[in-house]
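Here is a brief report on one protein model. It starts with the overall fold and then turns to charged side chains.

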Amino acid sequence: MSEVSFVKPTLARYRALFFGNRMSVSRLLRDERIMRCGLSGRVLDFGGGARVQYASDVQRQRWAAPGQTLEYCSANIDPAAQSTYLLRIGEPLPLDSASCDVVVSLSTLEHVYELEGTLAEIGRVLKSGGRLVFSVPFMFRVHGHPDDYRRGTPSFWRRKLGEAGFENVVVEALAWGPFSTGQEVSGLPGPFKAIRRHAGLLLDILWGACRYRGRIEVAGRQDDPFLAAPLGYFIEARKASAMASAEV
């Protein structure tokens with residue numbers, strides 16, 4: 001059974017993430033998490049572009065490790081995203097093999113039907129030992145762009161990544177707590193939405209403080225009650241050296 005980690009909600013994180021910010025909980029948690037990755041080198045953003053929601057974070061080098069500057073490029077099937085490379089479904093990525101240090105993909109792979117071929121292409125453009133960093137939704141409504149195909153568990157992603165030649169897979173649950181998850185899944189219909197949203201976020205902090213007393217980060221099996229229903233997952237993996245040898 002796959003192991004998943006989870007970072008406990010705190011008042012400090014609440015103030016940093018949610019004060020004056022109306023974006024969804026899942027998106028804020030995703031953006032917070034990637035800024036802890038400390039990326040470096042040439043980064044391909046698969047599903048990104050100059051007009052995506054997090055573009056300002058990229059421009060301000062907020063994804064980069066301290067003292068590092070990223071060489072950023074992006075690929076997308078949507079012309080409106082204004083990506084470096086405009087993709088066509090079913091065609092290979094227009095990059096040389098082993099030309100990227102990192103591939104990032106945020107809330108995109110759930111929209112890819114031919115997942116195996118896409119992971120193989122991502123592996124092809126990564127250098128040996130290169131990083132794949134991505135987020136996918138789990139407890140989240142069906143959405144388009146242009147279609148929506150899957151909600152994979154950690155076991156699913158570990159198996160798919162292993163089959164595609166990746167190793168050292170680490171999975172973190174993107175969740176604040178059960179109250180905010182229920183709100184986001186339902187869309188929080190009815191009046192006083194902002195007040196109820198913050199009440200749910202604060203209740204999750206209280207719940208987390210009682211359940212995980214003295215701990216900030218916890219880990220457990222994917223079906224443990226506190227990990228079984230996150231808003232999404234943030235996953236990191238490395239291109240295996242055996243995969244690089246097979247390409248030579």
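## Fold and salt bridges

In this predicted model, 52% of the 248 residues count as buried. The chain forms eight helices and nine strands. Its radius of gyration is 18 Å, which agrees with the value near 18 Å for a compact globule of 248 residues. Along the principal axes, the C-alpha atoms fill a box of roughly 55 × 40 × 40 Å. Of the contacts between residues at least 6 apart in sequence, 78% join residues at least 24 apart. The protein exposes about 12,300 Å², and carbon and sulfur atoms supply 54% of that area.

Now the charges. There are 31 positive and 26 negative side chains. The centres of the two sets lie 8 Å apart. The salt bridge count comes to 16. The table lists three of these pairs.

| Pair | N to O distance |
|---|---|
| Asp 31 and Arg 30 | 3.0 Å |
| Arg 131 and Glu 236 | 2.7 Å |
| Arg 159 and Glu 163 | 3.4 Å |

Asp 31 is buried, with a relative accessible area of 7%. Arg 30 is also buried, at 7%.

Arg 159 and Glu 163 both sit in helix α5 (residues 154–163). They are four residues apart, about one turn of the helix. Both Arg 159 and Glu 163 are exposed. Elsewhere, salt bridges with shared partners join Arg 33, Arg 36, Arg 131, Glu 172 and Glu 236 into one network.

Note on methods. Residues numbered from 1 in each chain as written. Predicted model: local features only at pLDDT ≥ 70, side-chain atom pairs only at ≥ 80, totals over all residues. Heavy atoms only, no water. Helix = DSSP H or I, 4+ residues; strand = E, 2+ residues; numbered from the N terminus. Rg over C-alpha atoms; globule rule 2.2 N^0.38 Å. Buried < 20%, exposed > 50% of the residue type's maximum accessible area, 1.4 Å probe, protein only. Contact = heavy atoms within 4.5 Å. Areas by Shrake-Rupley, 256 points an atom, 1.4 Å probe, with all protein chains shown as cover. Lys, Arg positive; Asp, Glu negative; His and termini not counted. Charge placed at Lys NZ, Arg CZ, Asp CG, Glu CD. Salt bridge = Lys/Arg side-chain N within 4 Å of Asp/Glu carboxyl O.
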